[in-house]
Amino acid sequence: SNALQIGYRLIDTAEMYRNETEIGNAVHASGLPREDIFITTKIANPSQGFDSTLRSFEHSLQKLQTDYVDLYLV
């Protein structure tokens, strides 16, 4: 939340960091337009594979409280 308040607009997170829920809460609470924030997230190695990647991606979107991420690293 503090980073967004002072002007940060790029967020780098990951499934394995286990902070996507907190990031989603902070972005939502910031009141900033979603398109003004660039969100990168990454899949964890155990979630690799076609079907599990799709599930992991959807789960990340839910935790981040967004319809999209700007960059998804596999």
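This is a predicted model: local features need pLDDT of at least 70, side-chain atom pairs count only at pLDDT 80 or more; totals for chains, interfaces and linings use all residues.
Lys-42 touches Asp-12, Thr-13, Ala-14, Glu-15, Tyr-17, Tyr-72 and Leu-73, leaving aside residues up to four places away in sequence. Lys-42 belongs to strand 2, which covers residues 38-42. Its relative accessibility is 18%, and because buried means under 20%, Lys-42 counts as buried. Two polar interactions involve its side chain. One reaches the backbone oxygen of Thr-13 at 2.9 Å, and the other is a polar contact of 3.4 Å with the side chain of Tyr-17.

Thr-13, whose backbone oxygen receives the side chain of Lys-42, is placed in the loop between strand 1 and helix 2. With a relative accessible area of 0%, Thr-13 is buried. Its side chain makes a polar contact of 2.4 Å with the side chain of Asn-19. Beyond its neighbours within four places in sequence, Thr-13 is in contact with Asn-19, Glu-20, Ile-23, Thr-40, Thr-41, Lys-42 and Leu-64.

Just after helix 2, Gly-31 adopts a positive phi of about 75°.

The largest nonpolar core has twelve residues: Leu-4, Ile-11, Ile-23, Ala-26, Val-27, Ile-37, Ile-39, Ile-43, Leu-61, Leu-64, Val-69 and Tyr-72. Helix 2 (20-30) and helix 3 (50-64) each supply at least two residues of this core, and the largest share, three residues, comes from helix 2. Ile-37, one of the core residues, touches Leu-4, Arg-9, Ile-11, Val-27, Ser-30, Leu-32 and Asp-70, again without counting residues up to four places away in sequence.

Tyr-72 is a member of this core and is also touched by Lys-42. What aromatic pairing does the whole structure contain? A search finds one aromatic pair. The ring centres of Phe-57 and Tyr-72 lie 4.9 Å apart with their planes at 70°, so the pair is edge-to-face. Phe-57 lies in helix 3 and Tyr-72 in strand 3 (residues 71-73), so the pair ties together parts that are 15 residues apart in sequence. Phe-57 itself is partly exposed, at a relative accessible area of 23%.

Another ring takes part in an interaction with a charge. The charged end of Arg-34 sits over the ring of Tyr-68, at 4.1 Å from the ring centre.

Methods:
Residues are numbered from 1 along each chain as its sequence is written. Side-chain values use heavy atoms; hydrogens and water are left out. A nonpolar core is a set of buried Ala, Val, Leu, Ile, Met, Phe, Trp, Tyr and Cys residues joined through side-chain atoms within 4.5 Å. Buried means under 20% relative accessible area, exposed over 50%, partly exposed in between (1.4 Å probe, protein chains only). Helices (H or I, at least four residues) and strands (E, at least two) are DSSP runs, numbered from the N terminus. Contact means heavy atoms within 4.5 Å. A polar contact is a pair of N or O atoms within 3.5 Å; within protein, one must be able to donate a hydrogen and the other to accept it, and residues adjacent in sequence count only if both atoms are side-chain atoms. Rings of Phe, Tyr and Trp (its six-membered ring) pair if their centres lie within 6.5 Å; planes under 30 degrees apart count as stacked, over 60 as edge-to-face and the rest as tilted. A charge sits over a ring if NZ of Lys or CZ of Arg is within 6 Å of the ring centre and within 35 degrees of the ring normal.
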